[in-house]
Each structure stands twice: as structure tokens, then as C-alpha cells.
Amino acid sequence: RKRGSDGTREVADIVLLDDNFTTIVAAVAEGRSIYENILKFIGFFLSTDLALTLLVVGGLGASYLFDIRDVQGSIMLPLTAVQLLWINVVADGPAALALTLDRNPGLMRLPPRRVGSSLLSHGMLTFILVSGLTKAAIGLALFVFLPRAGVSLAETQTAVFLYETVAQLIFAYPVRHLHVEPLRNVWLHVAVLGGIALQLFIIAFDPARSFLGLDGLSQNSLMIIVAGLAM
């Protein structure tokens, strides 16, 4: 800025406020970190959306195949529209925002991205597919086998809801480590632990669970959900 002409500054995309070369290095590092966190945000939500889409589609097929119907006799889905919206916005929203606060000091050791390269790397695509398929498969297994084990349909849907909300939050951690090792993110811990506590509170608090169309959970159902999360 100090040595550039007025005309140069007017046509430049970026204007440095000083002539120190370290300013350029710091700007590149900050830009890379912002871009990396955007990728984590996208990967986290795509994983969630893939899991829920496969769960609903697979649940629809399973309802026809195993004749799973609600009290009105209609084909039952693993999750209702309100429950899906809750998972996407309330459960996953704070964790996704916390990912944007990651600090990624190792990014400057990586080579620059090539012009025209894909937005999502092979590792990120693999994460989205594997995590999405895993969450959908376990959620679908709960939806199919819990009623056959004598669990009510309302409790079954609640078990699927609790599993999916907690599983989505847990998968906020591996998406951080696909390219570099980030520094400790306290806000992510707060978002994940707070999100899990909120889901448990909703299921335990009758007015809240009635709003979402949920039911109470037995100890056996909770143990099965924990086993699913450990897989």
C-alpha cells in the first residue's frame, strides 16, 4: 500500500495495509483456515442429510415390506417432518457453527489447491458416504427390529430419533481431522455435549416430547441405542 500507486490500489483485488511480507503469509493462512472450515461445515451437513434421506427412503420401503403402520393404519416413517427439521436445525446447527471456529495451523504445510479441483476431496467424499450410510443403516435397523422385539411404534420412533441426533453430533469430530490436525475447539465440545443433554431432556420432559411426537424410552431401548452408537 505504501509503495503502490493510486491506480494500482483501485484495480487490485486485495490491498495490503503494509509492506511486510509476513502479512501476506498471515492472510494466506487465514484464507486457508476459513476455506477448510467451510469444507468441514459442508461435509458435516451433507453427511447428516444423506443419512436422513436414506433413512426415510429405506424406512418407507421397510414399512411396506414388514407392514409397519401407525395407529391410524397408515404407513409409518422412521421420523416425522418436525423431527427431521429438529435434527437439521436445532441438534446439528450449533455443532456445525462451532466447526467454523476451528484453528488449523498445519494447513500451510500443504501444497496449494489446484485451480479447478473438486470442492470435496476424496477423503471428504468417503467420510460423507461412509458416515451417512452407517447412520442410516443403524437407524433403519432400530426401526425394523425394535417393533419385532415387542417395543411400541411410538417408542421405536423415539429411539430412532435419539440415535440419529446423538450420532450426528458425534460425527462432528471425525470430519475435523480429514486434512490436518486442528487445535482444541472448546465450543465444539460445548455444542456436542449441550446438544446431547438437550435431546435427553426433551425425551424426559413430557411437554417437550409431546411437541415432537416422541415417547418415553425403556432401559432396554436406551442400552440398544448406546450399542448402536458404539458401533
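I sorted the lining of the largest pocket into seven nonpolar, five polar and four charged residues; Ala, Val, Leu, Ile, Met, Phe, Trp, Tyr, Cys and Pro count as nonpolar, Asp, Glu, Lys and Arg as charged, and the others, Gly among them, as polar. The model is predicted, with local features needing pLDDT of at least 70 and side-chain atom pairs pLDDT 80 or more, while totals for chains, interfaces and linings use all residues. Residues are numbered from 1 along each chain as its sequence is written, and side-chain values use heavy atoms, without hydrogens and water.

Next I looked up the cores. A nonpolar core is a set of buried (under 20% relative accessible area, 1.4 Å probe, protein chains only) Ala, Val, Leu, Ile, Met, Phe, Trp, Tyr and Cys residues joined through side-chain atoms within 4.5 Å. The largest one holds 27 residues, and Leu79 and Phe161 have the most contacts inside it. I then listed what Leu79 touches (heavy atoms within 4.5 Å): beyond four places in sequence, the partners are Leu52, Leu55, Leu84, Ile87, Gln157, Val160, Phe161 and Glu164. A second, separate core has 17 residues, including Phe127 and Leu188.

Last I checked Arg176. Its relative accessible area is 5%, so I filed Arg176 as buried. Its side chain makes a polar contact of 2.9 Å with that of Asp102 (N or O atoms within 3.5 Å, one able to donate a hydrogen and the other to accept it; residues adjacent in sequence count only if both atoms are side-chain atoms). The Arg176 side chain also reaches the backbone oxygen of Leu183 at 2.8 Å.

Technical notes. Buried < 20%, exposed > 50% of the residue type's maximum accessible area, 1.4 Å probe, protein only.
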